[in-house]
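Subject: Handover of a structure for your study

Dear colleague,

Please find the sequence and structure below. I would be grateful if you kept them open while reading the notes that come after.

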There are 2 protein chains.
Amino acid sequence: MIHKFKRLLIGAPLPSEHLDHTRLPKFLALPVFASDALSSTAYATQEILIPLVLMGGLAAMGWSMPISIAIGLLLIIVSISYTQTIKAYPKGASCYLVSKDNLGTLISLIAGAGLLVGYILTVAVSCAAGVEQLVSAIPVLGRYSVSLNVLAVTILTLVNLRGAKESGAVFAIPTYLFVFLMYTLVGGGLYQYFSGSLQPLPTPTLPGLEVGDVAGPVSVILILRAFTHGCTALTGIEAVSDGVPAFQPPEAKNASITLGIMAAVLASLFVGLSFIADQYGAVPGIVLNEHNEIVVKNSLISVLAAAIFGHSTLMYYFIQFSTVAILFLAANTAYADFPRLSSFLAADRFLPHQLTNIGDRLVYSNGIVVLGGLSALLLVAFQGNNHALLPLYAIGVFISFTLSQGSMVVNWLRDRRPGWSLGLALNGFGALCTSVVFLVLAYFRFAEGAWIVLIVIPALVVMFLTIKRHYMSVRRQLAIEQLPRALNHNTVLVLVPGLNVVVTHALQYARALSPNVRAVHIDTDPEATNHLKQMWDEVAPGIPLVILDSPYRSVIGPTLEYIEVAKADRSGDWLTVLIPEFVPRKLWQHVLHNQTGLILKLALMFREGIVVTNVRYWLRA
Amino acid sequence: MIHKFKRLLIGAPLPSEHLDHTRLPKFLALPVFASDALSSTAYATQEILIPLVLMGGLAAMGWSMPISIAIGLLLIIVSISYTQTIKAYPKGASCYLVSKDNLGTLISLIAGAGLLVGYILTVAVSCAAGVEQLVSAIPVLGRYSVSLNVLAVTILTLVNLRGAKESGAVFAIPTYLFVFLMYTLVGGGLYQYFSGSLQPLPTPTLPGLEVGDVAGPVSVILILRAFTHGCTALTGIEAVSDGVPAFQPPEAKNASITLGIMAAVLASLFVGLSFIADQYGAVPGIVLNEHNEIVVKNSLISVLAAAIFGHSTLMYYFIQFSTVAILFLAANTAYADFPRLSSFLAADRFLPHQLTNIGDRLVYSNGIVVLGGLSALLLVAFQGNNHALLPLYAIGVFISFTLSQGSMVVNWLRDRRPGWSLGLALNGFGALCTSVVFLVLAYFRFAEGAWIVLIVIPALVVMFLTIKRHYMSVRRQLAIEQLPRALNHNTVLVLVPGLNVVVTHALQYARALSPNVRAVHIDTDPEATNHLKQMWDEVAPGIPLVILDSPYRSVIGPTLEYIEVAKADRSGDWLTVLIPEFVPRKLWQHVLHNQTGLILKLALMFREGIVVTNVRYWLRA
């Protein structure tokens, strides 16, 4: 029944030969690898605005444009730096592989841990942001937001367990639609701006403070803090470099071009959105929840779409639902990345090797389930609050950026291939920028949750190393060092609670196993024991019957003691303990019988040097 | 560790010879067997008053005295009837045994089910009433009343699992103290009444209706209803007849005298309390909860004690705590009765025979745990509301009364022993009275919960008969009909996932079991399979290696299929399947290894005709 339910949910098994690798042309590769990065435009500008208006008031809002431009530049620097990585690693420039190659195992494990955490957060953040956009459009869903998040993760997990062939089209339509609609939104705002018809929005009411009150100078600290918030715009840009082998040849060149296009689209959309938000004086609708945390009730995208196209217009809903779609698509990309990286780590023995198993739908099922479970847990723990999850996400991503660029610096210095000085310069500058941003992030966002990631990553590295040590120890112990010699002598003990067919069945089996059989009976009822003794020679001639006292009426204690004695002075090589058992026809009937057999089995399971066998007799009715 | 915790809670095991049977003199037998019955004075008068004042107003309160006198007479009739039962069954006149002897198995099972339900309700009702008295004295505890009830049941269960020797003194002190204090309470009231200093209490405020409004004639229906409420005064009076063998000889005579004393004390206390309550115009403090159910906040005993001795006096607290003590003592009596009756029913194969096991503290541990669990469940389901539980209790008790007296009528008519005509007259009148009261109870209290009991009892009888049928069928199937013949041929299959020490260990064991060994390998990785084939003759010369395809990479499916084939065309008598397994040193390490062995074992557990053995290899680190 469980089996049927599984088939219904995830489909029939697929034979191994269905595994294949299709190559993607650039116009399909862009949506497949860029949906994650592009989806961050849905929340990056809003993230800059929240600290500015909450801590600096409306006066500080003007800073969002310079900050956005700085982040846009950072994005372009990191993208250019990644083109060098792609050139050097055309077979796949995953941060884990690149840092393993250049910085050694330990650093690569840090990178791997950072990436795994990042993938879990991609799912959590994207789902939370998607639900946030949905709730902005349909506020009545607000009270179900945690359930909607869990539902989204569950659906993504099931879809990925089915292992639907990801034709590029599934990605292409929503991604290109989203890009088109975002450009329309920015274009609409720019048109109003240049035509002079732009009407700034009324001053918003914000919780906790009177906006506009703060008229003093905006501090450098506040600007740096807002900058760290905006860095979420960069999340996901490494995806192209991970996926180089999926491009049509020449892979590295095509991937670099795609990365360039993606960076240009992302930067222009992000800066464009920041510009029109600034011109409209738009801020997201936020409230404080009962724990005094910031919760976004009406996203910036929703506020802007309503301001430019009107609130109940078709265009408004198009924009909202297209944003929801790209965010869930972004979450989906982690369902390919996390199981693949887990399988790399597991193949290197740093994770349980079940993660390398390809399930009967030809996907890494275990990795998918782990990812779904962890991100659902995270969403419940953070109550689906995207704003609270983003600091964790950003810090994990910048660790990977820094390690990836840093690896390339080492790589250029070591190999000095043609063009190494340009590569070194570009990657070196990239590494410098991302490491500075990482430090700023760690400093400013530490208390907001970044500390969790800074604890989890070393903990994961310790776990990786512990798992590796265990597997290496097992491998040493299991290796066949010499051919096995014959060990033919077997002493068989049969536990005999009384006289019935179940016991004689087990005694027959015992005789088939060895000429050296003993029956063991625990005396809890002297009358029954006497009866057993009298009948014994007739029922089991030739098998010695050992009778053990049990002053406290326990069966387990004396049995275990006798087995220890028998183990110590056994004459042969093996000691087999047979537990006779009968199996009732129906499940409920089990409660009507002593579970002594089961308890004995559990007690004996953890004893070395014996083989325990339940000899089952099947009842007919 | 679990073992140590158990020892701490319930003590070290006791050897069997500690089982003994002390005989009780009358002055100790009275408290042991009467605490349950006497404790009902704590709630019986209050139960009469609640329907009278709520449905008839203060004008109806005057009816409490005639109703109490009628119940007092009923109590004496039933007690006299029971003396005849004691005479006829000096070895123990439990309703189950008596009705089994006279009315046949089916009726005795109804009686048994009624008694079991009654014992569960004794615990629930007595605890609920005890907590009610406690809360009356210390109102601040009111919000914890359900937790206090569960705590009380837990403590009673643990105390009884320890099997503390019930010296009569443990019962005697609280019981005699309670009787003394109740007589003092009644005496105090009577003194004020006769000295003319009695001040009636002010008219109470009651929820839901204006008391005093109803001045019309009191209906017969209301009086009958109030009567059924008061019948809870009779609960527990059958206890003496169950315990005849515990009396000093002559058992029957001493038991009858004790029963008479108990009935006199109970009737006089009950009628006395009703009388002074009537004179004071006292009613319990009741409120309606959110489900519109009646909840007693200040018990009648508490109201009376406060009226006669003053609210914050030492005497008031003495009375309250002594009432709490006798109620918990009453609950405790069911902890002796329920496990004993369960063990009788289990010995007759109507209940799981684990209920006949005497635990290591020489008590029927399983019965005690079942009783504690069920009564705690009931208390939680009824939110510890005594008033709601009492209809269930009363109906169960009157079923037993009627069956017990009815059995005696049949007994006298059948055996016609000396004095049969007097016995027949007394038991016949008793049976008539209790059966009429049973019908009145069933009619008036049906909707209030009596229906639950009238469904549960037949359901229990069906369960008893189903269990019996199963045991009889098992017994037939397990009986040894002929001496076993030799079945020596054993085919051994070893499941071989690869080449390592664990597998060679299992192959060695297989060779020790039988000359007829086959190794089975599932091909999920052609490379590994080839390696296995090449190495095989060196590692396991002479053992044929069977290689099975698995297009969907599943190990379980092909294994099960091959076993079915091997079962069908096996050459010998037995088919043994060996599953090689290694055991890591630490528990957490299990997650790092495939659980294929475990899954195979579970899948094979339910296959007939094979013996499955896990051959374990123990890792060192």
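The notes below describe what was found, topic by topic.

This is a predicted model, in which local features need pLDDT of at least 70 and side-chain atom pairs count only at pLDDT 80 or more, while totals for chains, interfaces and linings use all residues. Residues are numbered from 1 along each chain as its sequence is written, chains are lettered from A and ligands numbered from 1 in the order in which they are written, and side-chain values use heavy atoms, with hydrogens and water left out.

Two long helices

The expected span of a helix is 1.5 Å times one less than its number of residues. In chain B, helix 12 (residues 314-347) has 34 residues and should span 50 Å, in agreement with end C-alpha atoms that are 50 Å apart. Just after helix 12 of chain B, B:Arg349 has a positive phi of about 75°.

Nonpolar cores

A nonpolar core is a set of buried Ala, Val, Leu, Ile, Met, Phe, Trp, Tyr and Cys residues joined through side-chain atoms within 4.5 Å. The largest one has 133 residues, and A:Leu74, A:Leu234, A:Leu304, A:Leu345, A:Phe398 and A:Phe464 have the most contacts inside it. Helix 6 of chain A gives the largest share of this core, 16 residues. A second, separate core has 131 residues, including B:Ile86 and B:Phe338.

Contact means heavy atoms within 4.5 Å. Leaving aside neighbours within four places in sequence, A:Phe398 is in contact with A:Leu74, A:Cys231, A:Leu234, A:Thr434, A:Val437, A:Phe438 and A:Leu441.

Cavities

A cavity is a set of points, on a 1 Å grid over the protein atoms alone, where a 1.4 Å probe fits but cannot get out; its lining residues have an atom within 4 Å of a point. Helix 6 (105-137) and helix 15 (386-415) of chain A each supply at least two residues of its lining. Among the lining residues are A:Gly114, A:Tyr119, A:Glu238, A:Tyr393 and A:Phe401. By class, the lining of the largest cavity has 5 nonpolar, 6 polar and 1 charged residues.

Individual residues

A:Ala29 is found in helix 2 (residues 26-39) of chain A and is buried, at 0% relative accessibility. Which residues does A:Ala29 touch, not counting those up to four places away in sequence? They are A:Leu24, A:Ala34, A:Phe247 and A:Thr258. The C-alpha atoms of A:Ala29 and A:Thr258 are separated by 7.5 Å, although the two residues are 229 residues apart along the chain.

A:Ser322, in helix 13 (residues 314-347) of chain A, is likewise buried, with a relative accessible area of 5%. By contrast, B:Ile480 is partly exposed at 31% relative accessibility. Leaving aside neighbours within four places in sequence, B:Ile480 is in contact with A:Leu499, A:Asn500, A:Val501 and A:Thr504.

Backbone

Most residues other than glycine have a negative phi, and most peptide bonds are trans. The peptide bond from A:Pro249 to A:Pro250 is cis, with omega near -5°, and the bond from B:Pro249 to B:Pro250 is cis, also with omega near -5°. A:Arg416 has a positive phi of about 45°; A:Arg416 lies in the loop between helix 15 and helix 16 (420-444) of chain A. In chain B, the phi of B:Gln383 is near 55°, and B:Gln383 sits in the loop between helix 13 (365-381) and helix 14 (386-415).

Yours sincerely

Definitions and conventions. Helices (H or I, at least four residues) and strands (E, at least two) are DSSP runs, numbered from the N terminus. On a 1 Å grid over the protein atoms alone, a cavity is a set of points where a 1.4 Å probe fits but cannot get out, and a pocket is an open set with protein on both sides within 12 Å along at least five of seven lines; lining residues have an atom within 4 Å of a point. Ala, Val, Leu, Ile, Met, Phe, Trp, Tyr, Cys and Pro count as nonpolar, Asp, Glu, Lys and Arg as charged, and the others, Gly among them, as polar. Buried means under 20% relative accessible area, exposed over 50%, partly exposed in between (1.4 Å probe, protein chains only).
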